[in-house]
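This report looks at the surroundings of a ligand in a protein model, and then at the aromatic rings.

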Amino acid sequence: MVNYGQMKKNEETRLVKAVFPNTTNHYDTLFGGTALQLMDEIAFICATRYCHKRVVTIKSDKVDFKHPIPAGTIIELIAKVKSVGKTSLVVHVDIFLEEMYQESRTKVIEGEFTFVAIDENRNPIKVLD
Ligand SMILES: CC(C)(COP(=O)(O)OP(=O)(O)OC[C@H]1O[C@@H](n2cnc3c(N)ncnc32)[C@H](O)[C@@H]1OP(=O)(O)O)[C@@H](O)C(=O)NCCC(=O)NCCS
């Protein structure tokens, strides 16, 4: 039986996706808004798996789109808890680009998302008990 009390907190979440044409813009690259949505979603999952409380996004910050992401590639999103405050926590998200038919891996987007833990009345509560 697994003793969850002795396990390290879940600080990292990963998601791998194929960049299909239904997510691209008229330049045939991943639409920026879609990238932001994926980043906010994985950051939310990462924050939730870390503290197991209701969390809401209060800030997205330092999002750098360094390279375009062409259709027909693979992306991996990696979210990591960067810092934990009293009622807030910051999650860093990297997106790596991989070609389908050759070995390659390039960091193309990164950013930070801040979440606040809230109770059922939407008041901030401690992230960790
Ligand atoms: C989240 C919310 C309840 C926080 O209420 P608030 O009165 O602003 O909270 P506080 O001023 O007590 O701050 C709470 C925490 O957030 C941090 N914070 C507040 N504003 C911030 C900002 N602009 N950027 C980063 N952190 C911020 C504070 O430093 C504090 O962190 P700490 O306890 O770890 O030190 C409120 O802002 C809210 O409901 N926002 C809308 C959230 C939302 O709808 N998101 C989109 C959908 S998920």
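## Shell around the ligand

Sorted by class, the shell around the ligand holds 5 nonpolar, 5 polar and 3 charged residues, where Ala, Val, Leu, Ile, Met, Phe, Trp, Tyr, Cys and Pro count as nonpolar, Asp, Glu, Lys and Arg as charged, and the others, Gly among them, as polar. The model is a predicted one, in which local features need pLDDT of at least 70 and side-chain atom pairs count only at pLDDT 80 or more, while totals for chains, interfaces and linings use all residues. Residues are numbered from 1 along each chain as its sequence is written, and side-chain values use heavy atoms, with hydrogens and water left out.

In total, 13 residues surround the ligand, the closest being T57, K59, K86, T87 and S88; a residue belongs here if one of its heavy atoms lies within 4 Å of the ligand.

## Polar contacts and cover

A backbone N or O atom of T57 lies 2.8 Å from a nitrogen atom of the ligand, and a backbone N or O atom of K86 lies 2.8 Å from an oxygen atom of the ligand. For S88, a polar side-chain atom lies 2.7 Å from an oxygen atom of the ligand.

On its own the ligand has 960 Å² of accessible area, of which the protein covers 47% (Shrake-Rupley method with a 1.4 Å probe).

## Aromatic rings

The charged end of R105 sits over the ring of F96, 4.2 Å from its centre; this term requires CZ of Arg, or NZ of Lys, within 6 Å of the ring centre and within 35 degrees of the ring normal.

Technical notes. Polar contact = N/O pair within 3.5 Å; in protein donor to acceptor, adjacent residues only side chain to side chain.
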